[in-house]
Amino acid sequence: LKHRGPDWSGLHQHGDCYLAHQRLAIVDPASGDQPLFNEDKSVAVTVNGEIYNHEELRKKLVNHKFRTGSDCDVIAHLYEEYGEDFVDMLDGIFSFVLLDTRDNSYIVARDAIGVASLYIGWGLDGSVWISSEMKGLNDDCEHFECFPPGHLYSSKTGGFRRWYNPPWFSEAIPSVPYDPLVLRRAFENAVIKRLMTDVPFGVLLSGGLDSSLVASITARYLAGTKTAKHWGSQLHSFCVGLENSPDLKAAREVADYLGTVHHEFHFTVQDGIDAIEDVIYHIETYDVTTIRASTPMFLMSRKIKSLGVKMVISGEGSDEIFGGYLYFHKAPNKDEFHHETCRKIKALHQYDCLRANKATSAWGLEARVPFLDKQFINVAMSIDPESKMIKRDEGRIEKWILRKAFDDEEHPYLPKHILYRQKEQFSDGVGYSWIDGLKEHADQHVTNKMMCNASNIFPHNTPTTKEAYYYRMIFERFFPQNSARLTVPGGATVACSTAKAVEWDAAWKNNLDPSGRAALGVHLSAYNAETPLSNMPSQVIDNIPRMIEVPGVAIQS
């Protein structure tokens, strides 16, 4: 796993327990090498992640002496003070193993949503294995699985328990009235705390709503931070796409508006196809949507790292929280809408978090995701879902409450047409010919005869398209174990929906494709003859011609 942490290799042994760590140094690169210890080295920790509230936590540990300035140094000391119940005190993303040599016990924990990847496995000899990636343990374990987000594993009990228990997890329908200023401030706080870094960083900017808001807030508040004192207040932004793709054009416009130093990376369909095997090896999935979106991100991450940047802030998670995927237009009522957002957030560790973490870590780059901040999720998921519902007759498009929260006439965050730009899934936005090219390539390598036998060759999560079959063949070559194939979710999907949401529209059952374009009657036509112009906000009307000009887009009328 040296690709994840090229800055330092650490190893600690106590009896038959081993802690190994590959460090990507972001905070305190000079002295924060791991494993980390308490004062007498009786407690040792290896951790991947960032603890954003570490300075506040240090103030609660006045009787403890810290060896480093690392944000993760608080973990061993918190354990000494509070035992296994300290995990919920951590505000950040993390996966860690803590060894208590006094009784040879250990605990393992993963962050609330599963932004940091983690796996657990068991060997025939009774050994327990923990790794940030599947490739770190799949050859040594009889059985292994994804370590569940928001959970803790204790050797004392030999089992898991969920430490993350927010109000929304029960999926009860919330009733807090929508307050745009409360939502705005919660997200600004989420972005600001992620500016904690001692190394050069930037923002990923696709030109869509989510990444543009992240970039706008970062640009607005960077000047007053410690980071700016070290690296200056000039923000760098990064975008990837095929030549003339929707994302490149929109990102360029946002970067000009915000005054960022913008880096635009182009790739060809063939570049992406050539990288598919490496992507599947690093991302460790055969899920079609994830591979489609991971490939451009994988190619971009290599370029970003070559510029000396080690951390980027990204916009994952917004669509799950606010119902931003285009299929949410068909949600029958607010209860179904809310339940689907809960299901999507709970599954993020298998999809977008997996992509964001591993596509960047493949090149020693860290991605931070403010939309998945614990406090922000609590605020956003407590809002009455009626406010999130997409209502054509009122001109309310997807993620309306997020857009309105940052629609500030006096101190605008973004140009209106960007603030109200329709959702483009990352794999679509980098260029529509990317997905079409993948399908054509798969068609050349998977025959009809192979598809006829797909259920016999792959009885679990049987691929239903040639593209899915192609990815599955590559995955099985790298990860042939049954445990490996069980780590990847399956089921029917349209435009990234869960299987349950496919039931919202009968027509979708015959159009099962994860691309946003599969949301028949929605993509680019959510506001059509059914919606009187008088009921549409002017910024949506202004944006429709802009969207239709994108080449290669099929419009459903």
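Student: Why does Asn-104 count as partly exposed?

Tutor: This is a predicted model, so every value here is computed from it. Asn-104 has 34% relative accessibility. Buried means under 20% and exposed means over 50%. The value lies in between, so Asn-104 counts as partly exposed.

Student: What makes Asp-28 buried?

Tutor: Its relative accessibility is 13%. The cut-off for buried is under 20%, so Asp-28 counts as buried. Asp-28 also has a positive phi, about 50 degrees, although it is not a glycine. Its place is the loop between β2 and β3.

Student: Which peptide bond is cis, and what is its omega?

Tutor: The bond that joins Gln-34 and Pro-35. Omega is about 5 degrees there. Pro-35 is in the loop between β2 (17-23) and β3 (36-37).

Student: What makes a set of residues a nonpolar core?

Tutor: The residues must be buried, of the nonpolar kinds, and joined through side-chain atoms within 4.5 Å. The largest such core here has 86 residues. Those with the most contacts inside it are Leu-90, Phe-96, Ile-113, Phe-187 and Phe-376. Helix α6 (residues 246-258) gives the most to this core, with 6 residues. At least three residues come from each of domain 1 (2-165) and domain 2 (171-443).

Student: Which residues does Phe-96 contact, leaving aside neighbours within four places in sequence?

Tutor: Among them are Val-45, Val-47, Ile-75, Phe-86, Leu-90, Ile-107 and Val-108. Thr-46 is on the list as well.

Student: What other core lies apart from the largest one?

Tutor: One of 48 residues, including Ile-291, Leu-354, Val-446 and Phe-475.

Student: How many cavities of 30 Å³ or more are there?

Tutor: The count comes to 5.

Student: What lines the second largest cavity, by class?

Tutor: Its lining has 5 nonpolar, 1 polar and 5 charged residues. Asp-91, Asp-111, Arg-194, Asp-373 and Lys-374 are in the lining, and Asp, Lys and Arg count as charged. Gly-92 lines the cavity too, and Gly counts as polar.

Student: Which domains supply that lining?

Tutor: Domain 1 (2-165) and domain 2 (171-443) each give at least three residues to the lining of the second largest cavity.

Terms used
Residues numbered from 1 in each chain as written. Predicted model: local features only at pLDDT ≥ 70, side-chain atom pairs only at ≥ 80, totals over all residues. Heavy atoms only, no water. Buried < 20%, exposed > 50% of the residue type's maximum accessible area, 1.4 Å probe, protein only. Helix = DSSP H or I, 4+ residues; strand = E, 2+ residues; numbered from the N terminus. Domains from an automatic or database assignment. Contact = heavy atoms within 4.5 Å. 1 Å grid on protein atoms, 1.4 Å probe; cavity = no way out; pocket = protein on both sides within 12 Å on 5 of 7 lines; lining within 4 Å. Points joined across faces, edges and corners; volume = space filled by probe spheres on them.
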